[in-house]
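Hello,

Here is the structure I promised to pass on to you. Have a look at it first, and then read on for what turned up.

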Amino acid sequence: MKAPKWYRKLEQWVEGDARDLKEPKAHDESITESTRKIENHNGPSLIRASRSELISAVSRISAVICCFVLLVVMMFTVAFMPTTSTESNVTMNETAKRYIEQGMDEVGATNLVANIILVYRGFDTYGESCVLFLGATAVIMLLANDRKNETEKDRAAQRLSDKLDAKIPNQVLVDVTKVLMPVLLLYGAYILCNGHLSPGGGFAGGSLIGGAMILCENAYGVNKVRTFFGHTVYHAVKVGALVFYAALIMYTIFVGSNGLENIFPKGTPGSLLSAGIILPINIAVGLEVACTMYAFYTYFVRGEL
Amino acid sequence: MHLYYENFLFISIFLSLLCGILTTLLEDGRKSRRVTLVMLAVCAVLNGIVFVNTSIRGEYFTYAMGQFPAPWGNEVRSGPIESLLATVFCIVIGMSLLGGGRDLEEDILPGKINLYYIMMDLLTASTFALCYTNDMFTGYVFIEIMTIAACSIVMAKDNGQTIVATIIYLIMSMVGSGVFLFGVAILYSISGHLLMPNIMASVTKMFTAGSFHYPMAVVAGMVLVGLAIKSALFPFHTWLPTAHGSATTSSSAILSGVVLKGYVILLIKVMCRVFTMEQIRQLNVNDILFVLGICAMIYGSVRAVRENHSKKMIAFSSVAQVGYIYVGLGLCSTAGMAAALYQILAHAVTKSLLFISTGGLIQTAGHRKSLHDLRGMARRRPLAGIGFTVGALSMVGLPLLAGFITKITLGQAALELGIPRWEMISCLTAIAISSLLNAWYFIQATIQIWKSEEEDVQDENGPVAVHAISPDRSFGFAVVSLCVMNVVLGCFAEPLVRLLQHSVALL
């Protein structure tokens with residue numbers, strides 16, 4: 001089977017090397033003996049081309065139709081949905097009731113959302129943190145520099161641009177960063193540590209800290225950031241945070257499911273040191289999110305930490 | 001206090017997650033490979049113990065994943081079927097990694113190989129979680145993990161073809177996840193629960209009251225379409241041949257053998273635990289599954305006949321085999337469900353065997369992948385040839401092999417419908433046509449690979465340069481054990497099928 005033209009163009013664009021469309025490599029897998037024979041005669045390949053155009057037009061139109069049908073179905077469904085925020089709504093059941101009425105006493109955090117996502121449904125949230133970890137790993141897998149996606153020329157260009165950045169610093173950016181950096185880090189840390197008392201928590205605070213680090217990287221150059229956040233620190237923090245989080249969750253699951261006593265004190269709701277495992281989990285999630293944010297940025301920009 | 005083995009569910013999920021996270025610290029590919037294989041072996045034993053215990057007791061158990069019991073917290077649940085599937089998937093993943101080890105070394109750069117094993121660990125964790133979950137949203141979270149991990153293992157080979165395949169796969173998967181999530185959201189707002197038994201209670205209430213009939217149909221349709229896209233049911237299969245055909249050997253084997261099935265298992269749970277089979281029949285969802293399954297069986301086989309690229313041929317055969325699973329589900333009876341579950345096991349074992357032995361043959365042919373170039377390669381590497389032959393014959397449906405039992409149980413399930421309805425006739429006809437087509441291309445391919453090499457002279461490109469392959473013990477081990485599993489599944493199917501039929505009630 002010969003791949004359609006758009007497909008080969010896309011492939012060529014992705015691969016980035018100037019491979020001639022007409023002359024495939026000797027052991028190109030998609031081009032087989034029979035199609036090579038067909039290509040020698042002009043006729044069949046022309047027919048094939050017009051047919052594939054027709055197919056792509058049909059599929060484009062049918063995609064649009066599918067989207068519209070989905071739209072209509074969804075709009076129609078909305079008309080049948082129960083009214084929200086009324087007493088009789090089905091979501092106002094014993095589950096929500098317990099979260100709201102007993103959450104603070106049972107778990108200890110005044111932020112009920114933190115109770116739900118980190119303790120009641122802690123396993124799901126651990127899964128979500130693993131999604132972040134997995135996302136970062138996938139980005140590293142795709143974008144980390146290696147001999148397949150980086151040439152000597154790319155490296156030289158990168159070195160040159162780094163040198164220029166170091167020589168002519170962007171004064172506005174540097175000054176703004178000087179003012180913003182401490183505020184951002186402090187605010188991020190506050191959101192992290194206060195996640196069980198007020199809206200916020202690990203995901204929000206972590207993205208602020210990650211954003212602060214990206215700002216720092218832009219203002220002072222990657223070498224400055226590397227002095228405190230290099231490859232080793234990144235891995236240590238990321239793995240440490242996730243393993244610590246996993247240990248806490250595993251402990252709660254084991255203890256909770258087997259009816260043993262949980263040793264984490266709940267404290268007085270409302271004070272900083274309260275709500276058992278929520279505070280440490282928020283810090284771990286925050287570190288993980290900050291690492292992931294920074295890693296996304298830096299791997300997209302230069303392919304290394 | 002739980003029984004000792006009930007803790008194994010969460011231990012195996014977290015063990016594989018933790019192995020994945022800690023593998024980040026190992027820069028060395030060999031070490032991470034060992035860690036992953038040991039983890040898989042341990043998990044297989046743990047899940048095996050759960051299987052033995054649950055099947056002896058003939059009952060299921062639930063396990064709260066957190067301090068608070070469900071519906072406030074998360075929950076996992078296992079009966080014989082779930083733990084059996086988890087065990088077999090674990091073994092299949094392990095064997096695929098063993099069998100494709102050499103290709104992995106060649107295809108993936110040494111600096112990135114440990115990342116591949118991270119993906120594998122998390123993929124294993126998500127497989128367990130999808131097998132054991134009792135909560136729709138936990139299901140969604142682990143669908144996400146499985147999607148990212150599966151896309152990454154396609155991408156790992158890192159050439160133009162695999163990246164394009166990954167892009168297509170990723171887009172299709174995201175559409176699937178999105179549609180599934182819409183379905184779950186609507187289901188939550190009309191039933192007020194995420195835990196499967198509780199949803200079932202309120203769904204049953206709604207059915208008897210006759211309210212929310214339209215949103216219910218939309219939910220069933222969306223969940224079904226979302227999971228069907230991800231498990232490559234017929235009109236949504238377009239991503240499969242490119243992804244499975246271009247990835248490295250182990251990835252193809254795992255994608256076909258395990259990843260597709262993970263989503264099917266969630267669908268089975270939705271059919272049995274969120275709705276009941278009776279309600280599914282009322283909503284006519286099973287007819288859609290059935291018709292699409294029939295189309296997949298025939299379309300996949302026809303495309304496989306026309307395919308000249310060896311791995312794509314096997315990938316199209318996967319499309320057809322997924323059709324068998326959906327036909328079983330579409331029959332919407334205990335026997336049909338048992339046939340579908342048996343097919344999940346049989347296909348996991350057979351397709352991974354086919355992919356890794358084809359990988360072996362392709363290596364011998366110097367990385368040429370068209371069937372034409374594989375001519376005579378089985379003589380150079382007999383073990384790979386035997387593996388391919390056993391797998392191919394199983395797909396064709398030779399008695400004593402796993403594929404035969406699938407076809408016969410599916411046929412029996414169709415006959416059980418009693419009065420000759422259109423389902424029965426079309427199911428039997430489709431099995432017959434699909435088997436014939438399977439025989440056509442698989443036996444042709446088998447003959448090709450065993451041909452003697454003197455016939456190569458007429459080849460216009462000159463004889464294929466044959467690469468000397470040093471003996472690869474892990475490949476041999478993987479092929480032999482998958483062959484043995486195949487034969488065991490085929491020869492001693494009677495008790496297994498009976499167990500599955502009894503346990504469907506426990507789903």
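Let me begin with a pair of helices in chain B: α11(B) and α14(B) cross in a right-handed way (the near helix is turned clockwise from the far one by less than a right angle). Helices here are DSSP runs of H or I with at least four residues, strands are runs of E with at least two, and both are numbered from the N terminus.

A word on conventions: this is a predicted model, where local features need pLDDT of at least 70, side-chain atom pairs count only at pLDDT 80 or more, and totals for chains, interfaces and linings use all residues. Residues are numbered from 1 along each chain as its sequence is written, while chains are lettered from A and ligands numbered from 1 in the order in which they are written.

Back to that pair. The axes of α11 (residues 249-274) and α14 (residues 310-331) of chain B come within 11 Å and cross at roughly 15°. Axes are lines fitted to C-alpha atoms, for helices over the stretch in contact, with angles from 0 to 180 degrees between N-to-C directions. The crossing angle makes α11(B) roughly parallel to α14(B), a label for angles under 35 degrees. On the α11(B) side, the residues that meet α14(B) are Ser252(B), Ser256(B), Leu260(B), Val264(B), Ile268(B) and Met271(B); their partners in α14(B) are Lys311(B), Ser318(B), Val322(B), Ile325(B) and Leu329(B). Contact means that C-beta atoms, placed from the backbone, lie within 7 Å.

Next, the largest nonpolar core. A core is a set of buried Ala, Val, Leu, Ile, Met, Phe, Trp, Tyr and Cys residues joined through C-beta atoms within 7 Å, and buried means 20 or more other C-beta atoms within 10 Å of a residue's own. This core has 251 residues, of which Leu122(B), Ile145(B), Ala149(B) and Val349(B) touch the most other members. Its largest share, 18 residues, comes from helix α15 (residues 334-364) of chain B. Beyond its neighbours within four places in sequence, Ile145(B) is in contact with residues of both chains, including Leu134(A) and Leu122(B).

Chain A has twelve helices and zero strands, and 30% of its 305 residues are buried.

Finally, where do the chains meet? In chain A, 57 residues are in contact with 63 residues of chain B, and α6(A) supplies the largest share of that side of chain A, 15 residues.

Enjoy exploring!

Note on methods: Parallel < 35°, antiparallel > 145°, perpendicular 65-115°, else oblique. Contact = placed C-beta atoms within 7 Å. Buried ≥ 20, exposed ≤ 12 C-beta atoms within 10 Å, placed from the backbone.
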